Amino acid sequence: MLEKLFKLKGNKTSVKTEIIAGLTTFMTMAYIIALNPNLLVGFDQQGTALWNGVFLATCIASAIGMFVMAFVANKPFAMAPGMGLNSFFAVVVANIVNITGMSYLASFQAALCIILVEGIVFILLSVLNVREKIVDAIPLGVRLGIAPAIGMMLMNIGLGSNAGIYKSSSPNPFYVMRDFFGALTPGLAKHNMEDGYANMVLTVCTMFIGLFIIVILAQKGVKAAVILGMLASSVVYWAGSALFLGNNPFATLESAKFLPPFKDMAETTLFKFNFSGFAQIGWFTVITLIVTFCIIDMFDTIGTLVGTASRAGMLDKNGKMPQMKEALLADAVGTVVGSATGTSTVTTFVESASGVEAGGRTGLTALTTGIIFLACMFISPIAAIIPAAATSSALIYVGVLMLTGLKNVRFDDMAETVPVALMLIAMPISGSIGHAIGIGLIAYTVIKLFTGKAKDISILTYVLSVVFLLKFFLAA
């Protein structure tokens, strides 16, 4: 039955490989289950019920999006409320509170209407093949740079805030290559002892141990290298936390509640669209917000799909991915479900690359991850004990592998080299795949236009470049 549904043999994979890949993907993105409600609820003092509602919405919307990805597109990509988009949504909610004077909950429910409209627009654009045509309008040179740029972003996440250490003297995330190695200098050592230096050392050691275990196992041809490396590094962190820091790494399990708070969800987010509050925002503001969400989500999703598919060898000779339309439809459906259940825009997650690297090639990988997301409504405390440092190991490894896509870039052609170079630096710095693609498109268009090769640029590429220019200089 699974062979018939997912065409495993045709994709040169197996049930075991796909399940391991799905579990690997889950472990690298499990953080979103708790982080998303933390970001969306913010500092709302009466936000416990809302937090529970968003928590369940995160699990449900992500899972349904992945089920569509599995059964309709048969692709191994995972979905969840997009990072960056959820932070932007939280800012929008706070602004609605200031504009209308409504409560945080009422403003949250009004903002869900924006996500609903965005999702419906994306479903229409996907069915009408408009989004697929936008993918085709991205020049091949820019497309070739997406995967390496995502690799740089993954490495930045792994070496940066995903390590999970924050200095009490600064609100900025801990960055391994700056704060850790800088902290080893004599002048900073004493200060950092007071800021959790021991925990910082344990985190970094865990991360690098996990990374080297993954690399060694992968070199030996072990298909489950990523997940085994994450598990091994988790054990290192748990042992170090208990032995050297005197912490109980499983303390959250002692008071954990495994019964999903469906009542809170029903009272706060489930089909709780506040259309009257939505109308109070102002139509110009609403349209601007919808367009902004659409642009960011569209190119984040396109970039993740193209970049990850490129690494997995899923692109044809023209750099196109089969079933792109169906894959784009999955995130549109996930977004609509997210608005109905109570979360921000659902998009394809860049951490899908970890599952692809573990051998995932079909929708069975996405199905596995989706099932675990649903299970997390009951077992979220267990998912929460996976240390961020273990996740970092996988992200850094996958990021390094995605850099190999640079070998396909024609570095003797500046119209291809410059956009790729800009994307490589823009993506990790901005944290946005969409913004980096926009910069790449603008660079490509300008270089071609002013070097007498305007005919190489398609009409839609011109349009996309102008749209991003307006986004960068006007919408901001």
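1. Helices here are DSSP runs of H or I, at least four residues long, numbered from the N terminus. By that definition, Thr461 lies in helix 23, which covers residues 459-475. Note that the model is predicted.

2. Is Thr461 buried or exposed? Buried means under 20% relative accessible area. Thr461 has 3% relative accessibility, so Thr461 counts as buried.

3. What does Thr461 touch, once neighbours within four places in sequence are left aside? Its contacts are Ala137, Pro139, Leu441, Tyr444 and Thr445.

4. Now the whole chain. The protein chain holds 23 helices and two strands. Of its 476 residues, 54% are buried. The chain exposes about 20,000 Å². Carbon and sulfur atoms supply 68% of that area.

5. Contacts across the sequence come next. Take the contacts between residues at least 6 apart in sequence: 79% of them join residues at least 24 apart.

6. Helix 12 spans residues 225-243, which is 19 residues.

7. Which residues of helix 12 are buried? They are Ala225, Val226, Ile227, Gly229, Met230, Ser233, Ser234, Tyr237, Gly240 and Ser241. An α-helix has 3.6 residues a turn, so residues three or four places apart point the same way.

8. The partners of helix 12 are helices too. Its buried residues pack against helix 2 (15-29), helix 11 (197-219) and helix 20 (388-402).

How values were computed:
Residues numbered from 1 in each chain as written. Predicted model: local features only at pLDDT ≥ 70, side-chain atom pairs only at ≥ 80, totals over all residues. Heavy atoms only, no water. Expected span 1.5 Å × (residues − 1). Buried < 20%, exposed > 50% of the residue type's maximum accessible area, 1.4 Å probe, protein only. Contact = heavy atoms within 4.5 Å. Areas by Shrake-Rupley, 256 points an atom, 1.4 Å probe, with all protein chains shown as cover.
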